[in-house]
Amino acid sequence: MSTVLNAAPWDPALAHRFVTGDGTALHVCDEGAPGEEPTVVLVHGWTQDHTSWDPVVDALRANGFGSRILRHDHRGHGGSAPAPRGTATIARIAEDLAELIADRVPKGKLVLAGHSMGGATIMALAGQHPELVERLAGVAFVATTSGGLSELTFGLPRQLALRVYAGEAVLSRYMSRSDRAAFLRHPAALRPVVRRLTFGKGARRADVTATAEQIGRCHPASMISFLDSLLAHERAGELAQLANTPVTIYHGDRDRLIPRAHARVIANELPHARFVQFPQAGHILPAERAGEVAHGIARLTERARRR
């Protein structure tokens with residue numbers, strides 16, 4: 001059974017810690033007192049942490065957004081504990097999210113926004129906990145996919161991509177034996193790769209640096225295990241659970257990790273969803289298009305209130 005080590009989830013003085021049903025401690029950021037529904041829950045992507053949403057939260061608050069915002073670090077990411085062996089999977093972090101919601105927001109409407117693996121987590125949540133879907137007032141899928149990641153080439157010619165995969169396997173074995181301290185030593189060295197693979201045109205250096213530092217906070221063995229789960233992720237069928245939920249889909253036309261076709265699969269499964277494509281943007285839309293993503297989340301929230 002999950003336990004919370006804080007007295008009141010909206011008290012800013014409390015320790016930001018939540019323990020899941022299997023005993024894994026998660027870092028939680030819970031901002032704003034419970035009040036007018038819905039509560040907004042932001043779910044981060046692979047190798048990142050809750051701070052990846054900082055630009056969006058800042059944009060929301062700058063525009064007077066007063067609703068409660070709940071974020072957490074997935075197991076093996078950020079300030080959370082490493083994922084125990086066999087638990088670095090999308091199915092498990094969907095359970096973590098369900099447990100966190102049950103404990104922190106046991107009733108009332110919710111707006112969920114998931115970036116990349118965070119979007120995949122929401123899809124898994126919808127399939128594993130259909131009772132929660134009834135509480136969803138809106139969902140934002142930000143640079144995410146419902147499956148097919150094992151076929152990606154990252155914008156490279158197929159033969160070159162195969163060589164990259166071979167190198168990745170060797171690197172994975174090395175990283176799986178590394179500890180967090182060793183991996184944190186030189187996160188700045190990741191910046192060129194992060195800039196090339198995950199950002200579009202005109203990326204700000206501060207955003208690239210922040211993303212590289214988030215990767216440096218990720219537990220290496222957990223990171224690699226989550227990659228395996230992402231490559232096996234196939235959840236287009238779960239999208240049917242969201243057929244009656246207001247959904248917005250965001251995609252950057254320079255996203256090298258999630259091609260436009262993947263966003264279109266989600267849109268085809270949810271024909272009433274709103275599809276937004278950002279020119280010149282890459283994969284890290286919560287930083288690259290923070291204002292627009294914040295506006296979309298606020299729009300879903302306001303729509304829920306009007307209903």
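Strands β2 (residues 17-19) and β3 pair in the antiparallel sense over three bridges. Pairing here requires at least two DSSP bridges between two strands. Strands (E, at least two residues) and helices (H or I, at least four) are DSSP runs, numbered from the N terminus. The model is predicted: local features need pLDDT of at least 70, side-chain atom pairs count only at pLDDT 80 or more, and totals for chains, interfaces and linings use all residues. Residues are numbered from 1 along each chain as its sequence is written, and side-chain values use heavy atoms, with hydrogens and water left out.

Within this pair, phenylalanine 18 has leucine 26 of β3 as its bridge partner. Five residues lie between the strands of the hairpin, where glycine 23 takes a positive phi near 85°. Strand β3 also runs antiparallel to β5 (residues 69-72), joined to it by four bridges. There, glutamate 31 stands opposite isoleucine 69 of β5.

How many residues of β3 (residues 25-31) are buried? Five of the seven are, so the strand is largely enclosed by the rest of the structure. Buried means under 20% relative accessible area, exposed over 50%, and partly exposed in between (1.4 Å probe, protein chains only).

Two residues other than glycine also have positive phi. Threonine 47, with phi near 70°, sits in the loop between β4 (39-43) and α1 (54-62). Its relative accessibility is 10%, so threonine 47 counts as buried. Glutamine 280 has a phi of about 70° and lies in the loop between β9 (274-278) and α11 (285-288). At 30% relative accessibility, glutamine 280 counts as partly exposed.

Next, the helices. Helix α2 (residues 90-104) packs against α3 (residues 117-128) at about 75°, with axes 8 Å apart. Axes are lines fitted to C-alpha atoms, for helices over the stretch in contact; angles run from 0 to 180 degrees between N-to-C directions. The angle makes α2 roughly perpendicular to α3, a class that spans 65 to 115 degrees. Contact means heavy atoms within 4.5 Å. Helix α2 contributes residues including Ile90, Ile93 and Leu97, and α3 residues including Met117, Ala124 and Leu125.

Finally, the cores. A nonpolar core is a set of buried Ala, Val, Leu, Ile, Met, Phe, Trp, Tyr and Cys residues joined through side-chain atoms within 4.5 Å. The largest has 43 residues, of which Leu112, Phe141 and Leu242 touch the most other members. Leaving aside neighbours within four places in sequence, leucine 242 contacts Ala126, Val133, Leu136, Val139, Phe141, Val247 and Leu270. A second, separate core of 26 residues includes Ala140, Val276, Phe278 and Ala281.

Note on methods. Parallel < 35°, antiparallel > 145°, perpendicular 65-115°, else oblique.
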